[in-house]
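Hi everyone, thanks for making time today.

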Amino acid sequence: MTISTIRGFHDILPGETEKWQYIEKTAREILESFNFSEIKIPLLEKTELFTRSIGNGTDIVEKEMYTFLDRRGDSLTLRPEATASIVRAYIEHNFCKTNPVLKLFYLGPMFRYERPQKGRFRQFHQINAESFGVAGPKMDGEVISLCFNFFRKIGLDDLHLQINSLGCPQCRAGFKKELKNFLTKKMTDLCSDCQRRVEINPLRNLDCKNEKCREIVLNAPSIANFLCEDCSIHFQEVKQSLASLEIPFQVNPKIVRGLDYYTRTAFEINSPLLGAQDAVAGGGRYDNLVKDLGGPAIPAIGFAIGWERLVSLLSQKDQNFQRPLEIFIASLSKNAMEEAYKLTNQLRHIGVKVEMSYEEKSLKSQMRKADKLSSCFVLIIGEKELEEKTVILRNMKNKSQEVIDRKEIVSEI
Ligand code: HAM
C-alpha cells in the first residue's frame, strides 16, 4: 500500500514552486525596501504562548491547534500563526531594550486543524511583517500600504482593503458590555459555541462561521460607536495616512479579526476571485501583546499574507514563471558525449541552464527530448565537430542552424 500526504497538507510541485519563488523574491525586495529584516523562528512553541496571545475562546485556540505532549510531558503546539512567536523572540532576545524600534519579517508554514476546503489548508504558508516600537498612526498607514503595494508589485490589483478600529481595552469594555446584552437576548438562536462565548469572550461571536449566528450579529452594536477620543483620533489619522499614500480602502466596522490581541487598527485584504475563503491578508495593531507576554509596554503592528491564496490568484493570470532551459546538448557518438559532458559542466559554471543526453540515442530522439524540455537552443556535437572544435547551434524558435567555434558559444547565445 502506498502512503499519501495527511489531509489538508500538500506537496508543492515543480511548475508551482516557480510561482512560490517569484512571490518570495518580490516579498523580500519590497520588505527590505521598507527596512524590514528577516527573522527565523521555530515551528514548535510552548502551547501557553498561543493560549495567552491568541486568546481562549478563539476558534484557533479552542479547535484548531496541533497540540501534543512531548516525551517529557510538556504541552507543545505547532505554531498556528507567527506573530506570537515573533513577539516571544523580540522579548527573549532583549530587543525591547537594545533595539525597540524594529521591523521584522518571516516567511514559512503555519498549522491549523481546520476543515480543509478550497483556499483553506491544515498546513499553509504566510508572509509575515511585524513593526515594533511605533504607536503613531503613520506606522499603521505605512504597514498597510506595504501590504497593499506588495500585491500591486506582484501584478494583482483587483483587491479590496477593509479597515476598522477595535479601540483600546478601555473603550472596548463598554462595547463588550453592550454586545453581551444584545447577544444574551438572542441566546437560544445562537450555536452552542456562541452561547458559551457570550460569557467568556463576546467579541468572538462576531466571527462565528455559522450561518444563523452571522445573520444575528449583522444587527449587533458596532464598535465604531464606542471608540474613546484617543482611539477615534488615531483611526482618523490612519485613514488620512492611507489617503496620502493613495491606498484605496473601505471602513468596515464588522472587521474584528479572529485573534484576541488586536487593539485599534485592524484590516483585511480580500479578493473577489477567491471564492468563500477570500481573505488574502489580514493584520492589525497589537499594542498590548509585548506586555501581555512578559515584556515592557511596546506597541506594534503587523500583517500576514496567505501564500497559497496568493499563488491561486497568480495562477489565474496567464504568466509563465519557469526559467526556460537555455541549451540542450545532443551528441552523436560516445566521444562526442564525453565532450558534451565537459561542455555542459562548463556552461553550468557560468550560470547557463543546460541539459544533455546521458544515453547514446539517435539525433531524432534527442531533438524530441530538447523540444519536450522547451529548450531555446540545441548544440549538436558529432565526430566532425569534435575534430574541428566546433558545434552546430540550432535555434529552436526559428529553426535556423549554424556552425560556430566552440569558444564562441556563450557570446553567440
Ligand atoms: P490570519 O487572518 O489568521 O492572521 O491569517 C492571515 C492570512 O493567512 C489569512 O488572510 C489567509 O490568507 C491566510 N490563512 C489563514 N488560515 C489559513 C488556512 N487555514 N489556509 C490557508 N490560508 C490561511 C494572522 O495569522 C495574524 N498573525 C496576522 C498578523 C500579523 N496580525 C498582526 N501581525
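Let me start with the rule I'm using: rings of Phe, Tyr and Trp, taking the six-membered ring for Trp, count as a pair if their centres lie within 6.5 Å. Please keep in mind that this is a predicted model. With that rule, we get 13 aromatic pairs.

Tyr 22 belongs to helix α1, residues 17–33, while Phe 321 is in the loop between α12 (307–315) and β12 (327–331), so the pair links distant parts of the chain, 299 residues apart. And are the two partners buried or exposed? Tyr 22 is partly exposed at 25% relative accessible area, whereas Phe 321 counts as buried, because its 16% falls under the 20% cut-off.

Staying with rings, there's also a cluster: Tyr 90, Phe 95, Phe 132, Tyr 261, Tyr 262 and Tyr 286 are linked by ring pairs. Then have a look at Tyr 113, whose ring has the charged end of Arg 122 sitting over it, 3.8 Å from the centre.

Last stop, Asn 270, in strand β9, which covers residues 265–270. Asn 270 has a relative accessible area of 7%, so this residue is buried. Which side chain does the Asn 270 side chain make a polar contact with? That would be Gln 162, at 3.1 Å. Setting aside neighbours within four places in sequence, Asn 270 also has contacts including Asp 158, His 160, Asp 278 and Val 280.

Key. Residues numbered from 1 in each chain as written. Predicted model: local features only at pLDDT ≥ 70, side-chain atom pairs only at ≥ 80, totals over all residues. Heavy atoms only, no water. Phe/Tyr/Trp six-rings, centres within 6.5 Å; stacked < 30°, edge-to-face > 60°. Helix = DSSP H or I, 4+ residues; strand = E, 2+ residues; numbered from the N terminus. Buried < 20%, exposed > 50% of the residue type's maximum accessible area, 1.4 Å probe, protein only. Lys NZ or Arg CZ within 6 Å of the ring centre and 35° of its normal. Polar contact = N/O pair within 3.5 Å; in protein donor to acceptor, adjacent residues only side chain to side chain. Contact = heavy atoms within 4.5 Å.
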